[in-house]
Amino acid sequence: MDIRKETASLLERLGVKAELLSGGDMPVFSPVTGERTADLTTIPAAKAREVIAGAHQAFNAWRMVPAPRRGELVRLLGEELRAAKADLGRLVSIEVGKIESEGQGEVQEMIDICDFAVGLSRQLYGLTIATERPGHRMMETWHPLGVVGVITAFNFPVAVWSWNTALALVCGNAVVWKPSEKTPLTALACKAIFERAAKRLGDVPASLLSVLIGDRAVGEVLVDDEKVALVSATGSTRMGREVGPRLAKRFARSILELGGNNAGIVCPSADLDMALRAIAFGAIGTAGQRCTSLRRLFVHESVYDDLVPRLKRAYESVSVGNPLETNALVGPLIDKAAFDSMQRALGTAREKGGAVTGGARVETPHTDAYYVKPALVEMPRQVAPVTEETFAPILYVMKYSDFDRALADHNAVGAGLSSSIFTRDIRESERFLGPDGSDCGIANVNIGTSGAEIGGAFGGEKETGGGRESGSDAWKAYMRRATNTVNYSSALPLAQGVSFDID
């Protein structure tokens, strides 16, 4: 296949102008073959500030549009995404290396959050609050916040953008999106899809959605600009340590979705057939490049010798290959840096007594593409590199005998994104979900760590950043709250019985 030609054809059908794809200073590569697919032009910092200023003007107009009308735009966006699902999903596979079902599934996630947000546009509820003062009414109202900056990572190049954008739009905000330098083509495609939806609605302010193609310097402009009220940033914990303080310095809001060294516990009563499937998908799916990928597994000694050999056989037999031309379950790592990081971690694990199954590079005709066999590493105890997230398909497996000890080890890492337990013992499951159980933002029972639905709030604790996106009441992060008291009486009683009489 001619991957550059197919990429150009997909982008043309999705509505991206051909002149945007060549002659620029940012080369774009597909991890599937390692080949260059486009050369985009990056935006200078000064121009980025102009784009943000335009988004602020759009916000000033959009905030006055009734929320259900804003929801209609998102409904139309969902319709356009349905029509473009096959092409956009294929483009995700080309740009990230996801297998076909995962590329299509990511677009379905975008459609789902649009459906959620459309309903939300009629449910931006405040409260009526009991007041101690007669003749008064107290309530809470929610108002649009401002310009929302979205910084996305390569592994979910479009879904995470949609989580933020669908909510931000119905809440009355404008969006400025800085995609990963590794996956800018899908961002251009989403911009074109959005513009079709906006054209169908009519009267949508110009610059309601803007895309900034650039490197870290462009991201810094987005973080530092006073007109950006909220930045939702997805990436590494290291990135979050830099972005968070800069936003706090100017009292801007942040939603930080950072690292996730996710773990699972397999208890004596676990359904091992179910656990096997959940563990394999959680650890191997997307070549281990999900923020919710399963990276640590604690298996009770009574079932260890039953489960782990079955896991090893799955690892040895899993298919790895080109996701565009084969039915392989595992596609490529994003680039050479990811491969090198994986090999360093496996080397350190061996030095610490780990027994490694898999992990070797899978040779293909494409020397610049990095395919690997997923690695299962039996470790004698939880030490580095187990305690560090490596963004690759490595699963560290450890035996346990005491549940309290396993739970303590589960929580003894910096990140706190996703977690799971496999058990049919209600005491163990409820303990895991309780206040002294998993310390993660996502805690599952008899299901893996990855594959969250949009209806629940997504995010984690500790070094994962504490942000929440997608479902539940995550919308509140994109709005400002006002507490209102209305006096409809002819008197002025003061709260708490305070007396302050003047002549």
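Student: Which residues of β6 point one way, and which the other way?

Tutor: This is a predicted model, and in it Ala 174, Val 176 and Lys 178 point one way from β6. Val 175 and Trp 177 point the other way. In a regular strand the side chains alternate between the two faces of the sheet.

Student: What makes β6 a largely enclosed strand?

Tutor: A residue counts as buried when its relative accessible area is under 20%. In β6, 5 of the 5 residues are buried, so the strand is largely enclosed by the rest of the structure.

Student: How many bridges pair β5 with β8?

Tutor: Strand β5, residues 147-151, and strand β8, residues 228-234, pair over 5 bridges, again in the parallel sense. Here Ile 151 stands opposite Ala 233 in β8.

Student: What is the order of the strands in the open sheet of 5 strands?

Tutor: The order is β7-β6-β5-β8-β9, and the pairing is parallel. β7 (209-211) and β9 (253-257) are at the edges. Each has a single partner strand, so one side of each is left without a neighbour in the sheet. On average, neighbouring strands of this sheet are turned by 15 degrees against each other, direction ignored.

Student: Why are β3 and β23 called edge strands in the open sheet of 3 strands?

Tutor: That sheet has the order β3-β4-β23, with antiparallel pairing. β3 (128-129) and β23 each have a single partner strand, so one side of each lacks a neighbour in the sheet. Strand β4, residues 136-144, is joined to β23 by 9 bridges, and the two run antiparallel. Glu 140 stands opposite Thr 483 in β23.

Student: Why is the contact of Glu 79 with Arg 75 called a salt bridge?

Tutor: The term asks for a side-chain nitrogen of Lys or Arg within 4 Å of a carboxyl oxygen of Asp or Glu. For Glu 79 and Arg 75 the closest N and O atoms are 2.6 Å apart, so the pair qualifies. Both residues lie in helix α3 (residues 67-96), 4 residues apart, about one turn of the helix.

Student: What makes Glu 79 partly exposed?

Tutor: Partly exposed lies between buried, under 20%, and exposed, over 50%. Glu 79 has a relative accessible area of 30%, so it falls in between. Arg 75, at 32%, is partly exposed as well.

Student: What does the salt bridge of Arg 200 and Glu 79 tie together?

Tutor: Their side chains meet at 2.6 Å, N to O. Arg 200 lies in helix α6 and Glu 79 in helix α3, so the pair ties together parts that are 121 residues apart in sequence. Both belong to a network of salt bridges that links Glu 72, Arg 75, Glu 79, Glu 80, Arg 196 and Arg 200.

Student: How many salt bridges does the structure hold?

Tutor: The structure holds 32 salt bridges. Among them is the pair of Arg 310 and Asp 273, whose closest N and O atoms are 2.6 Å apart. Arg 310 lies in helix α10 (residues 301-317) and Asp 273 in helix α9 (residues 272-284), so parts 37 residues apart in sequence are tied together.

Student: Why is Leu 492 called exposed?

Tutor: Exposed means over 50% relative accessible area. Leu 492 has 67%, so the word applies. Leu 492 lies in the segment after β23 (479-487). Together with Leu 494, Val 498, Phe 500 and Ile 502, Leu 492 makes a nonpolar surface patch of about 580 Å².

Conventions: Residues are numbered from 1 along each chain as its sequence is written. This is a predicted model: local features need pLDDT of at least 70, side-chain atom pairs count only at pLDDT 80 or more; totals for chains, interfaces and linings use all residues. Side-chain values use heavy atoms; hydrogens and water are left out. Patches are made of residues with over 30% relative accessible area and no salt bridge: like charges are joined within 9 Å, nonpolar side chains (Val, Leu, Ile, Met, Phe, Trp, Tyr) within 5 Å. Accessible areas come from the Shrake-Rupley method with a 1.4 Å probe; for residues, only the protein chains shown count as cover. Buried means under 20% relative accessible area, exposed over 50%, partly exposed in between (1.4 Å probe, protein chains only). Two strands pair if DSSP finds at least two bridges between them. Axes are lines fitted to C-alpha atoms, for helices over the stretch in contact, and angles run from 0 to 180 degrees between N-to-C directions.
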